[in-house]
2 protein chains.
Amino acid sequence: MVDLLNLQAPLFLNQSKSQSLKPLEETFIKMVLDAWHTQVKQTDDVFNSLTDEQLLKEIAPGKNRGIYLLGHLTAVHDRMLPLLGFGDQRYPNLYKTFVESADKTENDLPSAEDLRNYWKETNNILSENFSKLSITEWFQKHNAVSETDFAKQPHRNKLNIIINRTNHLANHLGQLLLLKTRTAE
Amino acid sequence: MVDLLNLQAPLFLNQSKSQSLKPLEETFIKMVLDAWHTQVKQTDDVFNSLTDEQLLKEIAPGKNRGIYLLGHLTAVHDRMLPLLGFGDQRYPNLYKTFVESADKTENDLPSAEDLRNYWKETNNILSENFSKLSITEWFQKHNAVSETDFAKQPHRNKLNIIINRTNHLANHLGQLLLLKTRTAE
């Protein structure tokens with residue numbers, strides 16, 4: 001918890017020489033985006049290492065299949081577009097299939113090939129939009145919080161969405177890693 | 001499926017209408033610590049919900065057991081104490097058993113009861129120390145980076161350790177959730 005007794009003037013008014021050219025906000029945004037990109041890269045590497053056949057296996061007996069998690073992560077990341085003001089979801093149907101429905105309850109899934117493409121495309125679009133956002137914009141409210149609530153809770157900004165979605169991704173990455181050496185069961 | 005997406009981060013600061021006037025640095029720190037505390041709380045809830053017998057099960061066939069992940073996470077969090085300048089590791093032996101050694105290669109593990117206590121104690125000590133750190137201190141270098149490197153890479157600060165360790169925890173939390181309804185195999 002932040003100790004209120006330790007409150008000090010904003011650091012960007014009192015930069016150490018190591019940070020003299022970069023506002024602290026920029027450093028903070030880098031920390032958050034680096035963590036996002038690290039988890040996306042690792043997850044991408046796992047998906048690339050898995051065959052379509054491996055994707056059809058369950059991460060553990062009776063649990064979600066790899067292909068469901070591929071669709072799930074793509075749908076959640078696609079939903080970030082409107083949440084962050086980057087435009088409409090591109091694959092709204094995925095949300096119903098891979099977020100609102102449990103695995104193995106929908107028969108008509110997109111192909112693994114299509115899902116792999118949607119996954120890459122969605123993360124690329126997010127990255128492009130991230131790179132265009134100004135420091136000020138990162139600290140503006142996201143689209144799932146009201147102006148009134150945001151005035152009281154300024155941490156509910158766009159950058160906080162990245163922190164939370166990075167953790168969501170990390171939760172599932174840990175599960176996907178279990179598929180890597182899974183042999184037929 | 002268990003989805004962590006909609007969980008709201010707990011608020012660790014007293015809310016007040018003056019919060020919008022708080023320095024942005026304080027908001028950053030809150031965002032990062034909220035995410036940490038959320039993942040710790042969820043992991044704690046999973047461990048509390050598992051019996052000692054369930055902890056001895058593998059998260060997936062041939063993979064790590066729950067008890068190994070309990071020791072692993074405790075050892076990694078214990079290592080954060082010296083890294084963040086909070087003092088020495090309290091359980092240095094855990095690091096050898098649960099980080100440097102793979103699961104099922106060491107015969108002489110601590111009891112589940114002891115590990116559960118170490119886990120809680122370690123996170124409590126971290127929390128206490130977090131609450132004492134000033135805004136300025138959070139943006140100072142951690143103890144695994146040199147002064148020279150930090151001058152060029154100011155993102156390698158103490159707060160960044162929290163971001164990275166939160167993702168590490170999230171990776172394993174996703175795996176531990178698989179144990180929750182695991183029946184005998």
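This is a predicted model: local features need pLDDT of at least 70, side-chain atom pairs count only at pLDDT 80 or more; totals for chains, interfaces and linings use all residues.

User: Are α8(A) and α1(B) roughly parallel or roughly antiparallel to each other?

Analyst: Helix α8 (residues 158-176) of chain A packs on helix α1 (residues 24-49) of chain B with the axes 10 Å apart. The angle of that packing is about 25°. α8(A) and α1(B) are therefore roughly parallel.

User: How many charged residues are in the contact of α8(A) with α1(B)?

Analyst: α8(A) contributes L159(A), N160(A), I163(A), N167(A) and N171(A), while α1(B) brings M31(B), V32(B), A35(B) and Q39(B). By class, five of these residues are nonpolar and four are polar. The number of charged ones is: no charged residues.

User: How are α3(B) and α8(B) oriented to each other?

Analyst: Within chain B, the axes of helix α3 (residues 66-83) and helix α8 (residues 158-176) come within 11 Å. Their crossing angle is roughly 175°, and angles over 145 degrees count as roughly antiparallel. α3(B) and α8(B) are therefore roughly antiparallel.

User: Is R116(A) buried or exposed?

Analyst: R116(A) sits in helix α5 (residues 112-132) of chain A. Leaving aside residues up to four places away in sequence, R116(A) touches F47(A), N48(A), L50(A), T51(A), D52(A), L55(A) and L70(A). Its relative accessibility is 17%, so R116(A) counts as buried.

User: What kind of aromatic pair do Y68(A) and F98(A) form, by the angle of their planes?

Analyst: There are 15 aromatic pairs over all chains. In the pair of Y68(A) and F98(A), the ring centres are 5.7 Å apart and the planes are at 55°, so the pair is tilted.

User: How many residues apart in sequence are the parts that F47(B) and W119(B) tie together?

Analyst: The rings of F47(B) and W119(B) make an edge-to-face pair, 5.4 Å centre to centre with 75° between the planes. Both F47(B) and W119(B) are buried. F47(B) lies in helix α1 of chain B and W119(B) in helix α5 (residues 112-132) of chain B, so the parts tied together are apart in sequence by 72 residues.

User: Which residues form one aromatic cluster with F28(A) and F28(B)?

Analyst: The cluster draws on chain A and chain B.

Conventions. Residues are numbered from 1 along each chain as its sequence is written. Chains are lettered from A and ligands numbered from 1 in the order in which they are written. Side-chain values use heavy atoms; hydrogens and water are left out. Axes are lines fitted to C-alpha atoms, for helices over the stretch in contact, and angles run from 0 to 180 degrees between N-to-C directions. Helices (H or I, at least four residues) and strands (E, at least two) are DSSP runs, numbered from the N terminus. Angles under 35 degrees count as roughly parallel, over 145 as roughly antiparallel, 65 to 115 as roughly perpendicular and the rest as oblique. Contact means heavy atoms within 4.5 Å. Ala, Val, Leu, Ile, Met, Phe, Trp, Tyr, Cys and Pro count as nonpolar, Asp, Glu, Lys and Arg as charged, and the others, Gly among them, as polar. Buried means under 20% relative accessible area, exposed over 50%, partly exposed in between (1.4 Å probe, protein chains only). Rings of Phe, Tyr and Trp (its six-membered ring) pair if their centres lie within 6.5 Å; planes under 30 degrees apart count as stacked, over 60 as edge-to-face and the rest as tilted.
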